[in-house]
Amino acid sequence: MTRVLYGDSSALARAEDQGFVHCVRDDASLETFLKEGHDTILVHAESAEGVIRRYPRLSSANVTFEAAA
């Protein structure tokens, strides 16, 4: 299962500083990260619903959503 962290730029920057370096920038990078089986990916969005609106593929993927601290 992949954990999807979402948040604004500041929250994602903090998550990257903590070692989560797989930031989704487009559909191609999302597909790559899912195929490679990364534990955690970062998405710039205000909510889990925002993540799904931006990347509908995640609604059917085996993922959990969590706000980046």
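The legends below describe close-up views of a predicted model.

**View 1. Three strands form an open, parallel sheet.** The strand order is S2-S1-S3. Strand S2 (40–44) and strand S3 (63–67) are the edge strands, and each pairs on one side only. Neighbouring strands of this sheet are turned by 30° against each other on average, direction ignored. Strands of a sheet pair through backbone hydrogen bonds, either parallel or antiparallel.

**View 2. Strand S1 pairs with S3.** Strand S1 spans residues 2–7. S1 and S3 run in the parallel sense and share five bridges. Thr2 has Val63 of S3 as its bridge partner. Further along, Leu5 stands opposite Glu66 in S3.

**View 3. Strand S1 pairs with S2.** Here too the pairing is parallel, and five bridges link S1 and S2. Leu5 has Leu42 of S2 as its bridge partner. S1 is mostly covered: five of its six residues are buried.

**View 4. Helix H1 has a buried face and an exposed side.** Helix H1 covers residues 9–17. Ala11, Leu12 and Ala15 are buried in H1. Seen down the helix axis, the buried residues of H1 fall within an arc of 95°, so they line one face. An α-helix has 3.6 residues a turn, so residues three or four places apart point the same way. The buried residues of H1 pack against S1 and S2. Ser9 and Asp17 lie on the other side of H1 and are exposed. Just after H1, Gly19 takes a positive phi of about 110°.

View 5. Helix H2 runs over residues 27–36. Its buried residues are Ser29, Leu30, Phe33 and Leu34.

View 6. Asp26 caps the N-terminal end of H2. A side-chain oxygen of Asp26 lies 3.3 Å from the backbone nitrogen of Ala28. Just after H2, Gly37 takes a positive phi of about 75°.

How values were computed. Residues numbered from 1 in each chain as written. Predicted model: local features only at pLDDT ≥ 70, side-chain atom pairs only at ≥ 80, totals over all residues. Heavy atoms only, no water. Pairing = 2+ DSSP bridges. Helix = DSSP H or I, 4+ residues; strand = E, 2+ residues; numbered from the N terminus. Axes fitted to C-alpha atoms, helices over the stretch in contact; angles between N-to-C directions. Buried < 20%, exposed > 50% of the residue type's maximum accessible area, 1.4 Å probe, protein only. Arc of directions from axis to C-beta. Contact = heavy atoms within 4.5 Å. Polar contact = N/O pair within 3.5 Å; in protein donor to acceptor, adjacent residues only side chain to side chain.
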